[in-house]
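User: I'd like to understand the labels used for this protein. Could you take me through them?

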Amino acid sequence: MDSWGWVMAVLAAISVGMAKGGLPMVSSLSVPLLAGVMNPVAAAGLLLPVYIVSDMFGLIAYRKEFDKRVLKIMVPATAIGVGIGWATASYVPERVSTGLVGLIGVVFALNAILRPRLGAAAEPKVGPGLFWGAITGFTSFISHSGAPPYQAYTIPLNLPRTVFAGTSTILFAWVNAIKLIPYAALGQINLGSLEVALVLAIPASVSVFLGVRLVRIIPHEMFYKLVTWALLLISAKLLWGAIFA
């Protein structure tokens, strides 16, 4: 990579680290940042080891703060989604899945903004959890864009902000771990990409603690507003890119 490519790669790594610190919406910026300097598929393969190294720090930070029921529902569902992504990797164009993620995120975020429903915490339901979990696994497999469908399920639950952050960190650590085998099988991870990923893991790991700090100091209501608006902006960018790519 040239110097500009390294700048974009470091920014992508920082977004990965902040996501693992409890700001999952930021992770959707990682592949788009790199897509301007390399093939999006190669970018996804390059960033997966960075995600996994960052996951370790995120798991330490949030090891006691998560929602067990959400994880029980979404862990198997995301595994199914990753399996579907692997099985259809050569048939579904990336722009189709990216456009779907963007559309879902835009519709949900606009609904949340125009019809706010934050109040008492809601009970996670199995049916919607399985549906959104499968989409989360599928879109995460395609382009690390699992945050919008994950948030579509979890934002209405109105979890405490650290529990919301911890649950997402644990879930995506699981998703990234099970993506290793199919990514390697499809040739998206190689020795060259691993060398670059090891360098990018340094700023990503440091940024985990920045994300943790932000989650703990942002007020509850403001946190969910920021998450919702970030979801809208990121999803709109994904949708725009899919339509006009």
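Analyst: Happy to! Buried means under 20% relative accessible area, exposed over 50%, and partly exposed in between (1.4 Å probe, protein chains only). This is a predicted model, where local features need pLDDT of at least 70 and side-chain atom pairs count only at pLDDT 80 or more, while totals for chains, interfaces and linings use all residues. Residues are numbered from 1 along each chain as its sequence is written, and side-chain values use heavy atoms, leaving out hydrogens and water.

User: Why does Trp-240 count as exposed?

Analyst: Its relative accessibility is 59%, and exposed means over 50%, so Trp-240 counts as exposed. Phe-244, at 55%, counts as exposed too.

User: What makes Trp-240 and Phe-244 a tilted pair?

Analyst: Rings of Phe, Tyr and Trp (its six-membered ring) pair if their centres lie within 6.5 Å; planes under 30 degrees apart are stacked, over 60 edge-to-face, and the rest tilted. Here the centres are 4.4 Å apart and the planes at 45°, a tilted pair. The two residues are four apart in helix α10, about one helical turn.

User: Why is the pair of Phe-131 and Trp-132 called edge-to-face?

Analyst: The ring centres of Phe-131 and Trp-132 are 5.0 Å apart and the planes meet at 75°, so this pair is edge-to-face.
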